[in-house]
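Let's take a friendly walk through a protein chain, one region at a time. Have the sequence and the 3D view open as you read.

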Amino acid sequence: MPGLLKLCEDCFGTADLYQVLGVRRDAASEAEIRRGYHRVSLRVHPDRVPDAEKEEATRKFQILGRIYSVLSDQEQRALYDEQGTVEEEGDNLSRDRDWEEYWRLLFKKITVEDIRAFEEKYKGSEEEVTDVKQAYMDFEGDMDKIMQSVLCAVELEDEPRIRKIIQQAIDSGDVPAYNAFVKESKKKQVRRKKRAHREAEEAEKMKADLGLGESSEDLKALIQSRKKDREQEMDKLLTDLEAKYCKPSKRGGIKAPTSKRCKK
């Protein structure tokens, strides 16, 4: 069986354990490593992927658990930092370990109520302002991508407020004036609003058809009833909220590598 570093190379395109978790080696505290592990593992959690992808996701999920087990252990991390090697024989790296149970012990389950509470606290906060400005920089002013990226953002309700945050940041010199933002065409704005209206109407119609209200179970039923082409988008939103809510922090570090199919 290949070792952990080879498995990382095959499945994540890099043998750098820190890069797989999307954290900087020289600045990664124990809390940052934990957040990185949580964020990346949510993307490949076997419960969050279609049946056809479960085997692949399970393998990646197990690898991530082993990575975190190394970097969260002072002696194992020191060995890896100094020599670039991993002690493969320890019980904490056993391939037979129940990594899903290990994950559940580390991270609490997020409920709809948790998400609502987070949204109330997050909107209008300094943390949201920081995230909006970061999204603006990441997407160079593209409001379509910014609105999809910012946590809890609802296009019809929140776009004017988010645009105001960005404009204030431009006026104060905190961020550059990207043409994609300052010269965005009316046509593109109208198209985005129409799409948002259409999606809102679809959601309301679905709620009515299913006889749903506003309770936690009703919201869960609504999410579960969405069409397949919307499920991945909703999962991404809930994943981002879950990672953020468990350990809120300003964005930083380095971007995790794009996951790819493991080499057999």
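## Helix 1 and its neighbours

The buried residues of helix 1 pack against helix 2 and helix 4. Here, helices (H or I, at least four residues) and strands (E, at least two) are DSSP runs, numbered from the N terminus. "Buried" means under 20% relative accessible area, "exposed" means over 50%, and "partly exposed" is in between (1.4 Å probe, protein chains only). Leu 4, Leu 7, Cys 8, Asp 10, Cys 11 and Phe 12 are the buried residues in question. Just after helix 1 comes Gly 13, with a positive phi of about 80°.

This is a predicted model, in which local features need pLDDT of at least 70 and side-chain atom pairs count only at pLDDT 80 or more, while totals for chains, interfaces and linings use all residues. Residues are numbered from 1 along each chain as its sequence is written, and side-chain values use heavy atoms, with hydrogens and water left out.

## The cysteines

How many disulfides are there? The count is 0, taking a disulfide as a pair of cysteine sulfur atoms within 2.5 Å. Cys 8 is in no disulfide, and the nearest cysteine sulfur, that of Cys 11, is 8.0 Å away. As a reminder, a disulfide is a covalent bond between the sulfur atoms of two cysteines. Cys 8 itself is buried, with a relative accessible area of 0%.

## The chain as a whole

The chain has 14 helices and 0 strands. Of its 264 residues, 39% are buried. Its accessible surface comes to about 15500 Å², and carbon and sulfur atoms account for 49% of that; these areas come from the Shrake-Rupley method with a 1.4 Å probe, and for residues only the protein chains shown count as cover.

Contacts tell you which parts of the chain meet; a contact means heavy atoms within 4.5 Å. Among contacts between residues at least 6 apart in sequence, 67% join residues at least 24 apart.

Helix 4 covers residues 54–71, which makes 18 residues. From its first C-alpha to its last it reaches 26 Å, close to the 26 Å expected at 1.5 Å a residue (the expected span is 1.5 Å times one less than the number of residues). Is helix 4 mostly covered or mostly uncovered? It is mostly covered, with 13 of its 18 residues buried.

A nonpolar core is a set of buried Ala, Val, Leu, Ile, Met, Phe, Trp, Tyr and Cys residues joined through side-chain atoms within 4.5 Å. The largest one has 25 residues, and those touching the most other members are Leu 4, Leu 17, Leu 21, Ile 63, Leu 64, Ile 67 and Leu 71. Two or more residues come from each of helix 1 (4–12), helix 2 (17–21), helix 3 (30–43) and helix 4. Helix 4 gives the largest share, 7 residues. Leaving aside residues up to four places away in sequence, Leu 71 touches Leu 17, Tyr 18, Leu 21, Ile 33, Arg 77 and Tyr 80. There is also a second, separate core of 18 residues, including Ala 135, Tyr 136, Met 143 and Leu 151.

## Aromatic pairs

Rings of Phe, Tyr and Trp (its six-membered ring) pair if their centres lie within 6.5 Å; planes under 30 degrees apart count as stacked, over 60 as edge-to-face and the rest as tilted. The count by this rule is 4 aromatic pairs. One of them is stacked: Tyr 37 and Tyr 68, 4.7 Å centre to centre with 10° between the planes. Tyr 37 lies in helix 3 and Tyr 68 in helix 4, so the pair ties together parts that are 31 residues apart in sequence. Both Tyr 37 and Tyr 68 are buried.

Tyr 136 and Phe 181 form an edge-to-face pair, 5.7 Å centre to centre with 90° between the planes. Tyr 136 belongs to helix 8 (residues 126–138) and Phe 181 to helix 11 (residues 179–182), 45 residues apart. Tyr 136 is buried at 1% relative accessibility, and Phe 181 is buried at 3%.

## Around Tyr 178

Ring pairs link Tyr 136, Tyr 178 and Phe 181 into a cluster. Where is Tyr 178 found? Its place is the loop between helix 10 (155–171) and helix 11, and at 21% relative accessibility Tyr 178 counts as partly exposed. Not counting residues up to four places away in sequence, Tyr 178 touches Tyr 136, Met 137, Glu 140 and Gly 141.

Glu 140 sits in the loop between helix 8 and helix 9 (143–149). Its phi is near 50°, a positive value in a residue other than glycine. Most residues other than glycine have a negative phi.
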